[in-house]
Amino acid sequence: MQTTDADVYCPESILEALPRGTVVTDLDWRIRYANQLVARALRCSINELVGEHLCVVGRKVRVVDSSHELLDFLVHLTKNPPDRLEVKMVQVRIPERRSIHITVQPYCPDGAVRVGYLFTFAEYTREAEIIEMKDHFISDASHELRTPMTSIKGSLELLLGGYAGELPDSATELLGICLTAVDRLIRLINDLLDIAKIEAGEMELHLNHVRILECVNRCVRAVSSLATAHKVTIRVESSDRIPEALADRDRIEQVITNLLSNALKYSPSESCIRVRVQAPAESIVVSVIDQGPGIPPDKLNRVFDRFHQLEGAKKGTGLGLTISRALVEQHGGRIWVESEMSRGASFHFELPALPANR
Ligand SMILES: Nc1ncnc2c1ncn2[C@@H]1O[C@H](COP(=O)(O)OP(=O)(O)OP(=O)(O)O)[C@@H](O)[C@H]1O
Ligand SMILES: [Mg+2]
């Protein structure tokens with residue numbers, strides 16, 4: 001039989017030629033289309049897949065996969081249908097570890113009405129290994145750098161404190177510049193180590209009963225001289241009774257300090273930063289509200305991404321909010337931002353509260 005242009009360039013042939021497994025389901029998660037790549041990976045025919053529930057993909061992999069990640073993800077999706085494109089990396093062990101890059105989005109063929117969900121699957125093992133190697137390298141290098149940096153800082157502080165005798169003003173000034181730079185490097189190294197720990201799931205929290213308002217007051221005191229230097233006022237507001245939280249005090253103070261340092265960086269002189277502590281039902285919400293330039297609506301979620309800084313961002317590495325989000329989420333809470341351009345930014349985080357009668 002002769003193949004015509006119409007056969008070769010029809011959407012079906014193009015879909016089959018894609019290097020990604022493709023699955024389309026209806027709104028009840030029944031598979032309506034699967035390409036050959038998916039069928040081959042699952043060692044079955046396309047006909048066996050069409051009409052089955054989406055979770056059959058996870059179950060077929062589960063037979064040989066000692067991890068549950070793929071099936072768990074698909075089950076989770078069917079309970080929380082996505083409204084926009086979602087990207088997820090899952091690991092399967094069959095028996096060696098393989099990484100799969102999955103995208104899922106509502107399927108709206110006419111661009112308006114949703115009739116199902118469109119999935120793509122691609123092997124990502126090599127890329128995942130390279131990312132892992134890079135992360136290990138950053139983490140090992142940061143570790144190795146921290147000790148010498150700490151001794152450089154100690155020596156500078158001794159010199160500035162007069163350990164080697166009185167220094168001429170010019171030397172004091174230069175050593176002061178060195179100390180500021182070393183402090184920045186140590187902060188960066190600590191941030192990189194935190195990110196590495198968080199991503200490896202090794203960030204340990206030392207949980208205790210914590211009064212969040214006291215944390216806020218301590219953090220505000222710590223940045224008060226910086227605020228005075230910027231001619232910025234910080235006002236703490238709190239509702240009457242704030243329950244305690246089960247939290248790691250140092251880590252929560254790290255989050256508050258991150259938010260305060262951002263607010264200070266972007267606050268114009270003579271403006272006010274409000275730090276509000278409230279206790280709506282069974283939770284504690286801390287808000288840091290500034291009168292700075294604000295954040296454009298399409299960038300609101302991106303500010304939490306690793307190394308992401310907006311155009312015109314001031315000094316920093318773009319890690320503060322990434323670490324803050326991970327820490328808050330590890331406490332079972334959430335963090336978000338609200339902002340209107342030119343009307344300041346409000347960062348909020350919420351933690352579960354301990355029952356009041358404890
Ligand atoms: N209060 C704010 N007002 C306006 N933009 C902000 C505010 N807070 C954060 N941003 C934007 O979000 C970006 C990410 O913030 P983040 O705290 O993660 O990094 P950073 O402050 O640049 O560096 P780091 O905290 O690692 O020293 C900032 O670079 C800035 O562009
Ligand atoms: Mg910051």
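**Strands, helices and cores, term by term**

Trainee: What makes β1 and β2 paired strands?

Mentor: Three bridges join β1 (residues 21-26) to β2, and the two run antiparallel. Strands pair if DSSP finds at least two bridges between them, so three is enough. In this predicted model, local features need pLDDT of at least 70 and side-chain atom pairs count only at pLDDT 80 or more, while totals for chains, interfaces and linings use all residues. Residues are numbered from 1 along each chain as written, chains are lettered from A and ligands numbered from 1 in the order written, and side-chain values use heavy atoms, without hydrogens or water.

Trainee: What joins β1 to β5?

Mentor: Six bridges, with the strands antiparallel. F119 in β5 is the bridge partner of V23.

Trainee: What makes β2 and β3 edge strands?

Mentor: The open sheet has five strands in the order β2-β1-β5-β4-β3, with antiparallel pairing. β2 (31-34) and β3 (86-93) each have a single partner strand, so one side of each lacks a neighbour in the sheet. Neighbouring strands are turned by 20° against each other on average, direction ignored.

Trainee: What packs on this sheet?

Mentor: Helix α6 (residues 69-79) touches β3, β4 (97-107) and β5 (116-123), and its direction makes about 150° with that of β3. Helix α7 (residues 125-160) touches β4 and β5, at about 110° to β4. Contact means heavy atoms within 4.5 Å. Helices are DSSP runs of H or I with at least four residues, strands are runs of E with at least two, and both are numbered from the N terminus.

Trainee: Why is β1 called mostly covered?

Mentor: Six of its six residues are buried. Buried means under 20% relative accessible area, exposed over 50%, and partly exposed in between, with a 1.4 Å probe and protein chains only. G21, V23 and T25 point one way, T22, V24 and D26 the other way, and all are buried.

Trainee: How do you know how α7 and α8 are oriented to each other?

Mentor: α7 and α8 (residues 169-199) pack at about 150°, with axes 8 Å apart. Axes are lines fitted to C-alpha atoms, for helices over the stretch in contact, and angles run from 0 to 180 degrees between N-to-C directions. Under 35 degrees counts as roughly parallel, over 145 as roughly antiparallel, 65 to 115 as roughly perpendicular, and the rest as oblique. The pair is therefore roughly antiparallel.

Trainee: Which hand does the crossing of α7 and α8 have?

Mentor: Left-handed. That term means the near helix is turned anticlockwise from the far one by less than a right angle; clockwise gives right-handed. α10 also passes α11 in a left-handed crossing. Their axes come within 9 Å and cross at roughly 145°. Among the residues in contact are R251 and Q254 of α10, and L321 and L327 of α11.

Trainee: Where do the buried residues of α11 pack?

Mentor: Against α8, α10 (249-266), β11 and β12. Buried residues of α11 (320-330) include L321, I323, L327 and V328. G332 follows α11, with a positive phi near 80°.

Trainee: What makes β7 and β11 edge strands?

Mentor: The order of this five-stranded open sheet is β7-β9-β10-β12-β11, with mixed pairing. β7 (233-238) and β11 (334-339) each pair on one side only. Six bridges join β11 to β12 (residues 345-352), running antiparallel. S346 in β12 is the bridge partner of E338.

Trainee: Why is I273 called buried?

Mentor: Its relative accessible area is 0%, so it falls under the cut-off. I273 is found in β9. Beyond four places in sequence, its contacts include V232, L260, L264 and V288.

Trainee: What makes a group of residues a nonpolar core?

Mentor: Its members are buried Ala, Val, Leu, Ile, Met, Phe, Trp, Tyr and Cys residues joined through side-chain atoms within 4.5 Å. The largest core has 45 residues, and I273 is among those with the most contacts inside it, along with L260 and F347. A second, separate core of 27 residues includes V23, W29, V38 and V56.
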